[in-house]
Amino acid sequence: MDEQEKKIIFLVEDDEAIREGLIELLESDEFRVVAAKNMEEAEEKFQAIKDGQLRADICIFDGNLGSEKTGADGLALLKRARDIGETLGKHLPVIGFSGQDFLEEGDIRADAVLIKPRDLFKLAD
């Protein structure tokens with residue numbers, strides 16, 4: 001498959017071992033991965049997506065991720081992904097992975113939630 005044809009996954013995970021394992025797993029299954037290790041990097045990449053400098057076809061992030069600096073959390077990432085999708089005029093699918101089985105607030109919810117660590121290999125499906 002041509003590099004330009006591959007789906008691009010935007011991955012946000014602060015645990016280096018999990019992040020690197022997911023990158024390896026997803027890239028071996030014909031995806032390209034753009035990764036961020038914290039909320040600040042995630043925000044920079046979200047801005048690049050919004051500005052058209054970076055493409056993402058799906059977002060996958062740790063629902064328990066948080067920022068001591070800004071107080072933002074997994075729900076903030078979810079809301080940001082939804083806002084960017086609206087700005088771009090398309091649905092930007094979001095998969096959260098977490099130690100809990102929900103990631104939602106009001107009408108805003110992830111498209112899917114995988115429970116760590118047991119469901120991580122379902123990502124390749």
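Two strands pair if DSSP finds at least two bridges between them; strands are DSSP runs of E with at least two residues, helices runs of H or I with at least four, both numbered from the N terminus. The model is predicted: local features need pLDDT of at least 70, side-chain atom pairs count only at pLDDT 80 or more, and totals for chains, interfaces and linings use all residues. Residues are numbered from 1 along each chain as its sequence is written, and side-chain values use heavy atoms, without hydrogens and water.

**Exercise 1.** Find the neighbours of strand β1 (residues 7-12) in the sheet.

*Solution.* Start with β2 (residues 31-36): six bridges join this strand to β1 in the parallel sense. Within that pairing, L11 has A35 of β2 as its bridge partner.

**Exercise 2.** Characterise the aromatic pair of F10 and F46.

*Solution.* Ring centres of Phe, Tyr and Trp (its six-membered ring) must lie within 6.5 Å; planes under 30 degrees apart are stacked, over 60 edge-to-face, the rest tilted. F10 and F46 are 5.0 Å apart centre to centre with 85° between the planes, hence edge-to-face. F10 lies in β1 and F46 in helix α2 (residues 39-50), 36 residues apart.

**Exercise 3.** Is F10 buried or exposed?

*Solution.* Buried means under 20% relative accessible area, exposed over 50%, partly exposed in between (1.4 Å probe, protein chains only). F10 has 2%, so it is buried.
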